[in-house]
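Colleague: Could you walk me through this model, one question at a time?

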Amino acid sequence: MSESLQYFLMVFTSPYLLFLTAAGTFAGIYIGAIPGLSVTMAVSILISFTFKWNVNDALALISGIYLGGVYGGSRSAILLNIPGAPSAIATALDGYPLAKRGEAGTAIGLTTVVSVLGGFVGIFALAAAAPAVSSLALMFAPRDYLLLAIWGLLLVGSLSGGSLAKGLFAGAFGVLIGMVGLDPMTAEPRFTFGSVQMTGGIAYVAAMIGFFGVAEVLSQLHELHIKAVKQNVSKIIPSWALLRRYLPLGARTSAIGVVVGALPGAGGDIAALMAYDHAKRTVKNPSRPFGEGAYEGLVAPESANNAAVGGAYIPMMTLGIPGDAVTAVIIGAMYIHGLKPGPMLMIETPHLFWFIVGSLVLANCFLLVFGLTGIRMFAKLVETPKAILLPLILVLSAVGAYAINNSATDVYWMLGFGVFGYLLKMYGYQVGPVILGMILGPLMDKSYRQAMISAEGQVGQFAIEFFTSPLSAIILAALVLTMLSQTPLWKRWRAA
Amino acid sequence: MSGIRGVSRRWCLGWMGMLVGGLTCAQPAPSVFSDKPVKIVVPFAPGAGTDAMGRLMAQKLGEVMGGSFVVENRTGASGAIGTQYVAQQAADGHTLLLVASPFTTVAASLPTAGYDPIKSFTPVGMIASGPLVWATTPQTGIASMQDLVAKAKSQPGALNYGSAGAGGVNHLVLELLKARTGTFITHIPYRGVAPAAMDMVSGQVQLVTGTIPALLPLIKDGRVKPLAVTSAKRSSAMPEVPSMAEAGFKGFDVQNFFALAAPAGTPAAVIEKLNAALNKVVSLPEVQARFKVDAVDAMPGTPAAQTRFIEADYQAWRDVVRTQNLKIE
């Protein structure tokens with residue numbers, strides 16, 4: 001035990017490791033904030049430089065980049081309405097309205113604190129309950145992923161704005177875009193019109209940048225005469241009273257983040273969307289209506305996506321199976337350094353496990369420091385005259401879209417979706433459901449068909465499995481309850 | 001207001017400084033053929049195994065040849081987009097393709113792939129190759145490949161096989177086995193080996209194939225049982241596991257491979273220079289050490305040897321696609 005503690009503390013006591021973790025976290029925040037530059041990209045490029053390093057140095061740096069990068073996506077989401085990464089999509093929904101109200105400083109401050117909270121919950125789960133969480137993750141069958149995707153799609157109802165019909169249209173359109181490309185089961189081209197470029201599908205990050213960034217720029221052109229709201233930067237660090245109010249929600253959504261993060265088929269983006277949905281359904285009196293700058297709409301996704309980091313490490317450490325793309329790269333790096341991630345890691349090299357936990361804790365501490373510094377300067381970015389800010393957003397969007405695949409095609413998609421998103425906004429449609437459909441549609445498609453093949457194509461067998469598996473039955477019951485709770489009948493019953 | 005202006009000015013100066021610094025750093029180093037750097041296109045996302053191999057080759061070829069080799073990821077359509085891109089570039093040796101198994105499997109199964117693995121490229125040389133491993137769980141009671149085939153014959157469709165994706169080598173190796181044995185095993189495609197392996201451990205599927213490093217942790221733990229490697233010879237990374245020939249499947253030899261290729265028509269002098277450097281790189285002790293970790297063996301050789309390998313591989317997959325009626329029209 002004392003040896004474990006020694007390895008846990010190693011990263012705190014070595015100046016070089018302290019420096020590497022700090023540098024990684026700092027770099028991660030800014031890499032994450034730029035749309036199109038992903039944490040996976042940063043980690044995999046970096047790893048090729050660390051082959052000759054000491055393994056501890058490489059792992060400390062990666063921990064920083066990973067945690068910093070997941071958090072960094074919220075910066076551009078709040079300030080510019082362009083999520084830096086898919087896991088920050090839900091953050092933009094209430095973060096940007098807050099910036100428009102002059103509360104960008106408070107929003108970033110709160111986001112930082114809850115991200116750190118989520119990070120700690122994830123790390124705690126990794127340190128204390130890794131085998132239990134990994135056993136739970138092992139129980140998830142394709143039909144459970146299907147239920148999760150359906151549950152996530154229910155969020156369309158929440159994101160529809162005034163009209164559910166318009167929300168459904170937007171969601172269905174998103175699912176349709178998500179279907180473009182090679183069929184995941186048969187590799188048959190779908191909606192590709194014979195084009196090889198289309199067989200790769202439509203990069204949803206390009207669509208995301210278009211729908212959020214470009215569409216916002218075009219909408220702002222109508223408001224050029226309106227001066228930017230002056231940002232109130234007097235209160236950056238959230239008060240204890242404010243925090244105490246959001247802590248229970250943050251703890252719940254962090255738990256969602258850990259579990260969803262531990263599933264290899266889902267990641268921080270789905271965790272954040274599900275957490276947002278959870279907040280919207282369970283918070284009776286939000287600080288403001290959701291979508292108009294509710295602090296709950298920031299707390300939920302931001303705590304969940306950072307908790308998902310610890311979650312993603314769990315199957316990697318306990319089974320040698322990566323929880324997401326970043327942990328897949330880390331596994332590769334561990335092999336190169338002669339380590340064997342997996343069930344034997346904690347038995348053969350327990351010190352390494354505790355070193356990783358220690359470096360994640362340290363990176364999370366640095367996240368708090370770097371996240372809370374420079375907020376005033378960032379918040380002022382929103383006050384930049386629109387004649388400068390709007391072209392800047394367009395340039396950033398184009399660079400981000402190009403960086404996804406080094407392809408001009410993604411820039412065209414981004415522009416196209418930007419114009420389409422603008423038209424949708426003009427006609428009172430929300431763009432949130434479109435992105436939701438794009439992310440969850442393919443997951444639903446793949447999971448449904450995998451589950452159906454497992455049930456030998458028998459509809460009866462397929463249906464029965466939802467009731468014979470305890471986990472499926474629980475998720476199904478929760479899903480049905482969630483749907484019922486939105487019906488007038490239920491509301492009347494609750495009122496009575 | 002002046003404060004805001006001050007901030008903006010500082011910002012502008014900072015950004016300009018970073019831009020100038022970035023541009024200075026980005027000055028291309030001299031190339032081996034001219035002053036241009038050589039681009040190695042990896043048709044998969046950063047982080048994938050192919051990407052790691054591409055970065056290793058870029059680094060070491062740069063060291064050996066004294067020029068600049070950079071990796072560019074062009075992803076999509078199971079690698080077809082990046083591959084097609086390289087086929088259309090100038091044949092001057094400045095754009096190379098990191099070739100891996102999907103190069104032939106995608107071309108064989110997807111008529112719209114947009115390239116011909118033989119006609120669209122000039123081979124530079126093989127890098128390395130290694131087998132996949134057939135794996136199941138102890139709960140299935142299957143102890144060998146013969147057991148597997150016997151069970152698949154006695155209970156057609158009862159066994160589920162999880163692949164890393166439709167049309168990939170993990171999928172086609174199953175189809176090859178089915179074609180050779182006349183059995184039916186249900187194919188369930190996943191996105192990558194990781195979710196498929198997870199579902200095998202939890203009992204959703206009974207069989208997967210994956211690279212040795214991907215499955216080794218679960219094998220060592222006893223949750224997963226290796227049946228055979230997919231090659232004709234045993235793998236040095238798993239010497240206790242039988243080869244396909246030993247398991248009773250003579251002539252069955254499926255390998256995951258890596259190679260370099262240039263656009264068709266690249267001058268022979270350029271290819272010769274690159275091939276010599278590549279052969280030197282794959283023999284370096286540090287590169288051999290990396291290959292050991294990845295459970296692949298170096299394959300130094302001539303461009304002609306690569307042509308023979310690719311032709312045989314492509315033909316084999318075309319036969320499987322035809323006999324199993326997988327071709328998508």
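Modeller: Gladly, and let us begin with A:Met452, which sits in helix H21 of chain A; helices (H or I, at least four residues) and strands (E, at least two) are DSSP runs, numbered from the N terminus. This is a predicted model, where local features need pLDDT of at least 70, side-chain atom pairs count only at pLDDT 80 or more, and totals for chains, interfaces and linings use all residues. Residues are numbered from 1 along each chain as its sequence is written, chains are lettered from A and ligands numbered from 1 in the order in which they are written, and side-chain values use heavy atoms, with hydrogens and water left out.

Colleague: Is A:Met452 buried or exposed?

Modeller: Buried means under 20% relative accessible area, exposed over 50%, and partly exposed in between (1.4 Å probe, protein chains only). The relative accessible area of A:Met452 is 15%, so A:Met452 is buried.

Colleague: Which residues does A:Met452 contact, leaving aside neighbours within four places in sequence?

Modeller: Contact means heavy atoms within 4.5 Å. With neighbours within four places in sequence left aside, the partners of A:Met452 are A:Gly457, A:Val459 and A:Phe462.

Colleague: Which part of chain A gives the most residues to the side that touches chain B?

Modeller: The contact draws 52 residues from chain A and 49 residues from chain B. Between the two chains there are 0 salt bridges. On the side of chain A that touches chain B, the biggest giver, with 5 residues, is helix H21 (residues 432–454).

Colleague: How much area is buried between chain A and chain B?

Modeller: Buried area is the accessible area (1.4 Å probe) that two parts lose on being put together, summed over both. Carbon and sulfur atoms give 65% of it, and the total between chain A and chain B is about 4,300 Å².

Colleague: Which residues of chain A lose the most area to chain B?

Modeller: Three residues together make up 14% of what the chain A side buries. They are A:Leu138, A:Val196 and A:Tyr335.

Colleague: How far apart in sequence are the parts that A:Asp183 and A:Arg449 tie together?

Modeller: A salt bridge is a side-chain nitrogen of Lys or Arg within 4 Å of a carboxyl oxygen of Asp or Glu, and A:Asp183 forms one with A:Arg449, the closest N and O atoms being 2.9 Å apart. A:Asp183 lies in the loop between strand S1 (181–182) and strand S2 (189–190) of chain A, while A:Arg449 is in helix H21, so the pair joins parts whose separation in sequence is 266 residues.

Colleague: Is A:Asp183 buried or exposed?

Modeller: A:Asp183 also forms a salt bridge with A:Arg190, with the closest N and O atoms 3.5 Å apart. The relative accessible area of A:Asp183 is 9%, so this residue is buried.

Colleague: Why are B:Lys60 and B:Glu63 separated by about one helical turn?

Modeller: These two form a salt bridge, B:Lys60 with B:Glu63, at 3.4 Å between the closest N and O atoms. B:Lys60 is buried at 3% relative accessible area, whereas B:Glu63 is partly exposed at 48%. The separation is about one turn because both are in helix H2 (residues 49–65) of chain B, and their spacing there is 3 residues.

Colleague: How many residues of helix H3 of chain B are buried?

Modeller: Helix H3 covers residues 80–87 of chain B and is mostly covered. Among its buried residues are B:Ile81 and B:Tyr85.
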